[in-house]
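Trainee: I'd like to learn how to read helix packing from a model. Can you walk me through one?

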Amino acid sequence: HPSGRRRYPECIGGLCSGPLKVRLILWAQYFGTTGTEISLGALFDAYLLIRLGSNSAVGSIESIRGMTTLLCAIPLGWAIDVWPRSQVLRYNVIGGLVAAACLLFGFPSDAMWLIVCGCV
């Protein structure tokens, strides 16, 4: 660059190209997906099996998660078409933070109601 400064001097991990906001979004997506898979994937099912002692309880909670996802998909798709995407994403972040807080406090205290609310 003519001024002697690099155009994007911020580097996070190995990503040094593109604007900082884009890189932060990519990293947030990576950590969000990784955290979800670890906390609500097979390890979560094993935890529920140990904690609740039956496969039917694990299946019930997983069914509730699936039905919630199915019931929210159409209204959220409609909302993203009607309102500005930034506004819908802000509300999504609030919901995600509430769910993360439920899991953050639910796992250490072994409060099953918080864990179920956080995963649904």
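Predicted model: local features only at pLDDT ≥ 70, side-chain atom pairs only at ≥ 80, totals over all residues.

Trainee: Which residues of H4 and H5 make the contact?

Mentor: On the H4 side you'll find Ala99, Cys102, Leu103, Phe105, Gly106 and Phe107, and on the H5 side Leu114, Ile115, Cys117, Gly118 and Cys119.

Trainee: What sits in the loop between H4 and H5?

Mentor: Asp110 has its place in that loop, with helix H4 covering 85-109. Check its backbone: Asp110 has a positive phi of about 60°, although it is not a glycine. At 33% relative accessibility, Asp110 counts as partly exposed.

Trainee: How do the axes of H2 and H5 cross?

Mentor: The axes of helix H2 (residues 42-52) and helix H5 (residues 112-119) come within 13 Å and cross at roughly 155°. That makes H2 roughly antiparallel to H5. As for handedness, H2 passes H5 in a left-handed crossing.

Trainee: And which residues of H2 meet H5?

Mentor: Phe44, Tyr47, Leu48, Arg51 and Leu52 in H2 meet Met112, Ile115 and Cys119 in H5. The residues of this contact divide into seven nonpolar, no polar and one charged.

Trainee: Let me move to a single residue. Is Arg65 buried or exposed?

Mentor: For that, look at the relative accessible area, where buried means under 20%. Arg65 has 18%, so it is buried. You'll find Arg65 in helix H3, which runs over residues 55-82.

Trainee: What does the side chain of Arg65 make a polar contact with?

Mentor: With the side chain of Glu62, at 3.1 Å. Then check what Arg65 touches, not counting residues up to four places away in sequence: Leu40, Phe44, Cys119 and Val120.

Trainee: What about Gly59, and how far is it from Leu48?

Mentor: Gly59 also has its place in helix H3. At 33% relative accessibility, Gly59 counts as partly exposed. Gly59 and Leu48 are 11 residues apart in sequence and 9.7 Å apart in space, C-alpha to C-alpha.

Trainee: Let's zoom out. How many helices and strands are there in the protein chain?

Mentor: Five helices and zero strands. Read along the sequence, the chain follows the pattern α-α-α-α-α.

Trainee: What share of the residues in the protein chain is buried?

Mentor: Buried residues make up 18% of the 120 residues.

Trainee: And what share of contacts join residues at least 24 apart?

Mentor: You start from contacts between residues at least 6 apart in sequence, and of those, 34% join residues at least 24 apart.

Definitions and conventions:
Residues numbered from 1 in each chain as written. Heavy atoms only, no water. Axes fitted to C-alpha atoms, helices over the stretch in contact; angles between N-to-C directions. Helix = DSSP H or I, 4+ residues; strand = E, 2+ residues; numbered from the N terminus. Parallel < 35°, antiparallel > 145°, perpendicular 65-115°, else oblique. Left-handed = near helix turned anticlockwise from the far one by under 90°. Contact = heavy atoms within 4.5 Å. Nonpolar A, V, L, I, M, F, W, Y, C, P; charged D, E, K, R; others polar. Buried < 20%, exposed > 50% of the residue type's maximum accessible area, 1.4 Å probe, protein only. Polar contact = N/O pair within 3.5 Å; in protein donor to acceptor, adjacent residues only side chain to side chain.
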